[in-house]
Structure formats: structure tokens, C-alpha cells
Amino acid sequence: NNKERSFIMIKPDGVQRSLIADIIKRFEQKGYKLIGIKVLVPAKQLAEAHYEEHAQRPFFQKLVSFLSSGAVVAMVWEGQEVIKFSRNMIGATNPLASAPGTIRGDFGVDFGHNVIHGSDSLTSAEREIALWFKSEELAQYDLTMQAWTYE
Ligand code: DAT
Ligand code: MG
């Protein structure tokens, strides 16, 4: 279904390294539709809620302070299989293991600073979108280009 939505976030390292336009360009050129976007410095509480599944992991505090250490670009992208496919575009969690051509493979070097987040399932996409966006912050509109993206 081409209404599937994923939560995609450029992390503080990606913003500081001027990768915003490059990353957005990849999603836009793929044919996905941007329906929500904002820049914010996440409060620690929001960062903790975002990564709650990792609360018991030894790297949790470091992860949360990193995410709230600077501005992030939080986005919602819509399109067919966008959750699974954007994970492929993003690449493996460890930038050293992520393939060239993926966002982490092309732009990242170290584990904690891996440039971007993308939801890993429908359940986490729904949870993360609701955590970061109010429903009125998500735009409903038609992209005429989509008649050419989808057959
Ligand atoms: P992903 O971001 O690919 O969904 P994840 O959900 O397993 O990966 O982990 C969330 C973030 O936590 C990840 O982007 C980087 C950090 N992280 C994961 N595993 C780690 C580890 N073993 N050591 C340090 N940081 C780690
Ligand atoms: Mg994850």
C-alpha cells in the first residue's frame, strides 16, 4: 500500500555535517512523499522515549545524550514499502558494515554517530510518528508526480 509511513530522523551528526539536503534528496528522488518535517533539539525525555526499547542496553545513556545534544530533522515519509526500503537506503547500524551507496555506508564512520534513524517495523513507525508529531503536523496532499512513480 502506497500510504505506508515511516519516521525518519537526521541525527545531530548529520545536521552538523551538512547532510540534510543530501539525505532528503535521496528520499525525494526515490519517489516517496514528505508529509511531515521539523527541526528541533530533542529534550532528554523525548530521546529516552524514542529509544525506550534500548533502555536496558549499556550504551543507552550515551545514545540518549547524543540524540539530545543538538538539532535533529524529524520527518515522516510516505510510500509503498517505505519502512523496509528506507532501512535498505539507510544501511546497517554499524557504518563499518553498511554497504557503499547506503546513507550510513556513504556518510558514516563510527557506530554511535550513524547519521540517521529509520523505523524498523510498522509498529515502531506508528509509535515513533505519534511520539514526534501531532496529527495536524502531517500534511494531506496529492503529489501529481506520483501518477508517474506508481503504475
Ligand atoms: P538502528 O539505528 O539501525 O535501528 P538500533 O535500533 O539497534 O539500530 O540501535 C539504535 C542506535 O543505538 C543505533 O543507531 C546506534 C546505537 N547502537 C546500537 N547498538 C549499539 C552498540 N552495540 N554500541 C553502541 N551503540 C549502539
Ligand atoms: Mg532501531
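Me: Which domain does UniProt place at residues 3-140?
Reply: The unreviewed UniProt entry puts "domain: Nucleoside diphosphate kinase-like" there, at residues 3-140. UniProt annotations may be inferred rather than shown by experiment. Keep in mind that this is a predicted model, where local features need pLDDT of at least 70 and side-chain atom pairs count only at pLDDT 80 or more. Residues are numbered from 1 along each chain as its sequence is written.

Me: Switching to the ligand, which residues are around ligand 1?
Reply: Around ligand 1 (a heavy atom within 4 Å) are K11, Y51, H54, F59, L63, R87, T93, R104, F111 and N114. By class, that shell has 4 nonpolar, 3 polar and 3 charged residues.

Me: What is the distance from a ligand 1 oxygen to an N or O atom in the side chain of R87?
Reply: That distance is 2.8 Å for R87. For H54 an oxygen of ligand 1 is 2.9 Å from a side-chain N or O, and for R104 the value is 2.9 Å. The protein covers 79% of the 520 Å² of accessible area (Shrake-Rupley, 1.4 Å probe) that ligand 1 has on its own.

Me: And which residues does UniProt place in the "binding site" feature?
Reply: The unreviewed entry lists K11, F59, R87, T93, R104 and N114.

Me: Where does F59 lie?
Reply: F59 is in the loop between α3 (44-50) and α4 (60-67).

Terms used. Chains lettered and ligands numbered in written order. Heavy atoms only, no water. Polar contact = N/O pair within 3.5 Å; in protein donor to acceptor, adjacent residues only side chain to side chain. Nonpolar A, V, L, I, M, F, W, Y, C, P; charged D, E, K, R; others polar. Helix = DSSP H or I, 4+ residues; strand = E, 2+ residues; numbered from the N terminus.
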